[in-house]
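Subject: Structure handover and notes

Dear colleague,

My notes on what was found in it follow directly after.

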Amino acid sequence: MNKIKSKREKRFNLMLTVVMAIIMLIVVYPVWYSLINSLNSAQSIAKNGYAMLLPGEFSLESWGNVVKNPKIFKAFGITLSRTVIVTFLQTVITAMFAYGFSRNHLTGKKFYTVLGFVSMYLNGGVIAYFILFNAMHIYNTYWVYILPALFGGFYNVIIFNTNFKSIPDSLFESAKIDGAGEYTIFFKIVIPLSKPVISALGIFTAVATWNDYTQTLYYTKSSEIQTLSYYMLSITKASASAAQLGETMSAGAASVLTTVSNSAANYKTIELACMVLSALPLIIMYPFAQKFFEKGVMVGSVKG
């Protein structure tokens, strides 16, 4: 019986390993594809197409253009500062709201519940936000990235609320007997016992904020405060325009066609280099943040 079970376990582990290897390949390959083609020369791409495994003709030209371009690093700095500020403030403010919402003695809890669920499905849309941001005088300013994102939405409140309700009431009662106030309870008891959910939602917020370009697209017009994602979008559009121009030109203009083709490929390699640069911070951050996804942090927190 044990041998049969052992064989079944080995088969299952083998199948699981194969499936996970395939999933890992599917996830990792786009990053590898972007990296090797950002290191490929524009002439090689124009002549032979994009490389699949290794660069056809190794070149650092696209990365040189990225490093020398001050707009890219300015956009990178805007995106980085925005991500750090929004992730920290949104997590703390949403957690504080959820903590108050999780208390049974909260006045008007039913009203907040209805309002929260309505906000999950209905919103004013781009035009309403545009009018609001104009009225708040934050349109086309750096604050348009921060103020609208201070609250993480009612969906995050529900997740926080579920976690906070799992904390034994005896902890809160003991703290109140010792003279602790609500802020002390929240920062000294609730936050330390909620590291897994805080880190998970923090990572989701950071990734969404880092990759967002709609705020720049809709609510800014200055190139001085554009984000890295939006700058990548503009490069993508330039690459697509150059490629389209090359396709519509007559075959007779061979030299000009080659120049346009090389220009499109050059834009594409720069775009891929920007994509790799944009993905690197999140790739580096995730292994360090993953250690906070821990289980059983409440074991032993309440003495029997």
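A residue is called exposed here when its relative accessible area is over 50%, buried when that area is under 20%, and partly exposed in between. His137, with a relative accessible area of 70%, is therefore exposed, and this residue is found in the loop between helix H6 (125-135) and helix H7 (143-146). Please keep in mind throughout that this is a predicted model.

I begin with that loop, since its backbone deserves a look. Most residues other than glycine have a negative phi. His137, although it is not a glycine, has a positive phi of about 60°, and Asn140, which is not a glycine either, also has a positive phi of about 60°. Asn140 is placed in the loop between H6 and H7 as well, but with a relative accessibility of 22% this residue counts as partly exposed.

Of the 304 residues of the chain, 33% count as buried, and the chain exposes about 18900 Å², of which carbon and sulfur atoms supply 68%. Among the contacts in the chain with a separation of 6 or more, 73% are accounted for by residues 24 or more positions apart.

Next come the charged pairs. Side chains of opposite charge can pair when their charged atoms come close. The structure holds three salt bridges, and I take them one by one.

In one of them, the side chains of Glu224 and Lys74 meet with an N to O distance of 2.4 Å. Glu224 lies in the loop between helix H12 (214-219) and helix H13 (228-248), whereas Lys74 lies in helix H4, so the pair ties together parts that are 150 residues apart in sequence. Both partners count as partly exposed, Glu224 at 45% relative accessibility and Lys74 at 43%.

Another joins Arg82 and Asp212, whose side chains meet at 2.7 Å, N to O. Because Arg82 lies in helix H4 and Asp212 in the loop between helix H11 (195-211) and H12, this pair ties together parts that are 130 residues apart in sequence. Here both partners are buried, Arg82 with a relative accessible area of 5% and Asp212 at 17% relative accessibility.

The remaining bridge is formed by Glu182 with Lys176, the closest N and O atoms being 3.6 Å apart. Glu182 counts as partly exposed at 35% relative accessibility, and Lys176 is likewise partly exposed, with a relative accessible area of 43%.

Thr87 is placed in helix H4 (residues 70-102) and is buried, with a relative accessible area of 16%; leaving aside its neighbours within four places in sequence, Thr87 is in contact with Gly202, Thr205 and Ala206. Ala273, which lies in helix H14 (residues 254-290), counts as buried at 0% relative accessibility. Not counting residues up to four places away in sequence, Ala273 touches Ser38, Ser62, Trp63 and Val66. As for Ser62, its C-alpha atom and that of Ala273 are separated by 6.6 Å, although the two residues are 211 residues apart along the chain.

A nonpolar patch, with about 1200 Å² of accessible area together, is formed by a set of residues including Phe12, Leu14, Leu16, Met20, Ile22 and Val28. Ile22 is also found in helix H1, and with a relative accessible area of 46% this residue is partly exposed.

Definitions and conventions. Residues are numbered from 1 along each chain as its sequence is written. This is a predicted model: local features need pLDDT of at least 70, side-chain atom pairs count only at pLDDT 80 or more; totals for chains, interfaces and linings use all residues. Side-chain values use heavy atoms; hydrogens and water are left out. Helices (H or I, at least four residues) and strands (E, at least two) are DSSP runs, numbered from the N terminus. Buried means under 20% relative accessible area, exposed over 50%, partly exposed in between (1.4 Å probe, protein chains only). Contact means heavy atoms within 4.5 Å. Accessible areas come from the Shrake-Rupley method with a 1.4 Å probe; for residues, only the protein chains shown count as cover. A salt bridge is a side-chain nitrogen of Lys or Arg within 4 Å of a carboxyl oxygen of Asp or Glu. Patches are made of residues with over 30% relative accessible area and no salt bridge: like charges are joined within 9 Å, nonpolar side chains (Val, Leu, Ile, Met, Phe, Trp, Tyr) within 5 Å.
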